[in-house]
Amino acid sequence: MPIWFQFLFLIQTVFYNPQAIEKSEVFFIDSTVSYTYGQQATFQVKIQSQEEIEELGLFIQAEGDSTHLVPLGPDHLPDQLGKFIYQHDLSTYPLRPFSRVNFWYRGKLNTGQEFTSDIYAFDYIDNRFSWEK
């Protein structure tokens, strides 16, 4: 083997570390939803990441319905502490009554890395009245 090839191989071995190219971890803490039936739903979560979040989308899917993507602009990105709050207008974008609603977050960090949360769920019932069980 030529000496220059051995030298390049040595340089690559010393300086190339595939573990150094790690993905940043993104954590979702205390994901909650509160709503007033037929009016609005408030989605809240704390998102922790070492990198800045550049894009964020909220996916909502009521049982039996197609998935609704809520593209969130710069005004709806998490604050400096990672707190995210979004108020969804249920009079304009209603959910199927008395259904199980799944939702999740998908976004992109300023490094270009994409991330997706776990899938969360809540039961969308008419909470304007006290129902007997």
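Is Asp123 buried, partly exposed or exposed, and what is its relative accessible area?

A: Keep in mind that this is a predicted model. Asp123 comes out as partly exposed, and its relative accessible area is 44%. Its side chain meets that of Arg100 in a salt bridge, at 3.1 Å from N to O. Asp123 sits in strand β8 (residues 120-124) and Arg100 in strand β6, so this pair ties together parts that are 23 residues apart in sequence. Arg100 is partly exposed too, with a relative accessible area of 39%.

That pair belongs to a set: the count comes to five salt bridges. Another of them takes us back to β6. Glu55 forms a salt bridge with Lys108, where the closest N and O atoms are 3.6 Å apart. Here Glu55 lies in strand β3 (residues 53-62) and Lys108 in strand β6 (residues 99-109), so the link ties together parts that are 53 residues apart in sequence. Glu55 has 41% relative accessibility and counts as partly exposed. Lys108, at 22%, counts as partly exposed as well; the cut-off for buried is under 20%.

Now for the loops. The side chains of Arg96 and Asp65 meet in a salt bridge at 2.6 Å, N to O. Arg96 is in the loop between β5 and β6, while Asp65 is in the loop between β3 and β4 (68-72), so the pair ties together parts that are 31 residues apart in sequence. Arg96 is partly exposed, with a relative accessible area of 38%, and Asp65 is partly exposed at 29%.

Of its 133 residues, 29% count as buried. Among contacts between residues at least 6 apart in sequence, 58% join residues at least 24 apart.

One more piece of the strand layout is worth a look. β1, β2 and β5 make an open three-stranded sheet in the order β1-β2-β5, with antiparallel pairing. β1 (26-36) and β5 (83-89) stand at the edges with a single partner strand each, so one side of each has no neighbour in the sheet. From one strand to the next, the twist averages 15°. Nine bridges join β1 to β2 (residues 40-49), and Thr32 stands opposite Gln44 in β2.

Technical notes. Residues are numbered from 1 along each chain as its sequence is written. This is a predicted model: local features need pLDDT of at least 70, side-chain atom pairs count only at pLDDT 80 or more; totals for chains, interfaces and linings use all residues. Side-chain values use heavy atoms; hydrogens and water are left out. Two strands pair if DSSP finds at least two bridges between them. Helices (H or I, at least four residues) and strands (E, at least two) are DSSP runs, numbered from the N terminus. Axes are lines fitted to C-alpha atoms, for helices over the stretch in contact, and angles run from 0 to 180 degrees between N-to-C directions. Buried means under 20% relative accessible area, exposed over 50%, partly exposed in between (1.4 Å probe, protein chains only). Contact means heavy atoms within 4.5 Å. A salt bridge is a side-chain nitrogen of Lys or Arg within 4 Å of a carboxyl oxygen of Asp or Glu.
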